[in-house]
Amino acid sequence: MLKVVGIIGYKNSGKTTLARALARELTSRGHEVAVVKHTSHHLDLPGKDTTTLGEAVGQVGFISLQESGVFWKRPLSLENIIPYLEADIILVEGFKTEKTFPKIVCLRGEPDDRDLFDGLAICAILPPPAPGGAGGGSNPSPSQGVAGGGSNPSPSQGVAGGGSNPSPSQGVAGGGSNPPPAPGGAGGGSNPPPVSGVAGGGSNPPPVSGGAGGGFNPPPAPGGDGGGSNLPLLGQDEVGRIADLVEEKAFKLPNLDCGGCGHETCYDMAREIVAATGSVEDCVSLQPATEVRIDGQPMPMNSFISSIVRNTILGLLSPLKGFKKGKIEISI
Ligand code: SF4
């Protein structure tokens with residue numbers, strides 16, 4: 001099964017650094033890994049042949065001794081791009097609003113981090129250390145401590161302070177003990193309610209390893225669910241544990257919203273899968289019911305490609321006169 005995971009976060013939250021480290025780790029485990037990155041910049045350089053040619057046509061392919069590629073002079077969907085990638089795990093960097101695969105949320109320690117949680121997060125990642133270092137030792141009165149271990153008596157914006165934080169006012173994610181939140185809440189238990197943070201506060205035992213560890217209580221997703229569950233809160237350097245989560249939890253739904261699984265949208269199904277109350281096998285469009293034979297020999301296809309072939313053919317044929325449901329045979 002094709003595994004896809006998103007790496008999302010605001011600018012300077014460490015997305016690309018994490019994607020690079022995660023790609024290396026997963027590759028070292030024997031996976032074929034690809035990355036799709038969202039960018040708001042032009043992809044080609046002004047004046048280059050591919051750019052000037054692209055001014056005349058909508059698609060330009062290029063092949064060199066080292067690289068190959070195609071420029072489409074229009075945005076394509078992830079579902080258009082994925083079939084071109086030879087990979088069993090795809091890391092999708094950016095694409096905050098896509099809702100058909102689980103996500104790793106890179107925090108930067110600001111209140112708007114909460115907007116990144118839509119019920120599809122499988123873990124939250126602490127912000128990268130600030131230049132000049134963060135964390136460790138005794139921070140008597142940090143105002144924006146990012147991952148400090150030790151004793152933080154009065155942080156006002158501690159993101160993941162270990163040690164004892166009696167009175168945080170904007171703690172984003174306290175490590176250690178976060179009992180289940182009250183219904184509809186974010187954070188809670190023995191942690192006093194933060195004033196304007198996402199979760200945390202209260203009594204935070206020392207972090208597990210170098211400033212991370214403990215859990216993270218995301219706010220409820222739009223629609224009311226996804227809050228309260230204690231997400232793993234990890235450091236950027238805990239790539240092994242993040243890779244474990246990717247291997248265990250990544251998936252990709254086809255974005256067809258066909259309703260075959262009993263849910264109106266793939267997003268609804270994706271949230272069920274992330275919450276472990278549903279399974280990818282519940283997606284009827286991913287069932288390998290499509291077989292392609294070349295000269296009588298079955299062609300290997302993963303379930304995602306199989307569903308693309310199936311749904312493309314059905315999409316083309318179903319409006320035609322004479323179409324009816326049943327086994328379809330095509331010879332070329
Ligand atoms: S059956 Fe699959 S493609 Fe259809 S809505 Fe459910 S998850 Fe989406």
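Is Ala23 buried, exposed or partly exposed, and how many other C-beta atoms lie within 10 Å? Ala23 is partly exposed, because 18 other C-beta atoms lie within 10 Å, and the class runs between buried (20 or more) and exposed (12 or fewer), with C-beta atoms placed from the backbone. Before going on, note that this is a predicted model, in which local features need pLDDT of at least 70 and side-chain atom pairs count only at pLDDT 80 or more, while totals for chains, interfaces and linings use all residues. Residues are numbered from 1 along each chain as its sequence is written.

Let us see where Ala23 sits. Ala23 belongs to helix 1; helices (H or I, at least four residues) and strands (E, at least two) are DSSP runs, numbered from the N terminus. Leaving aside residues up to four places away in sequence, Ala23 touches Val33, Val35 and Leu91, a contact being two backbone-placed C-beta atoms within 7 Å. Ala23 and Val33 are 10 residues apart in sequence, with 6.3 Å between their C-alpha atoms.

Seven strands form an open sheet in the order 2-5-1-6-7-9-8, with mixed pairing; strands pair if DSSP finds at least two bridges between them. Strand 2 (33–37) and strand 8 (215–216) each have a single partner strand, so one side of each is left without a neighbour in the sheet. Strand 2 pairs with strand 5 (residues 89–93) in the parallel sense, over five bridges, and Val33 has Ile89 of strand 5 as its bridge partner.
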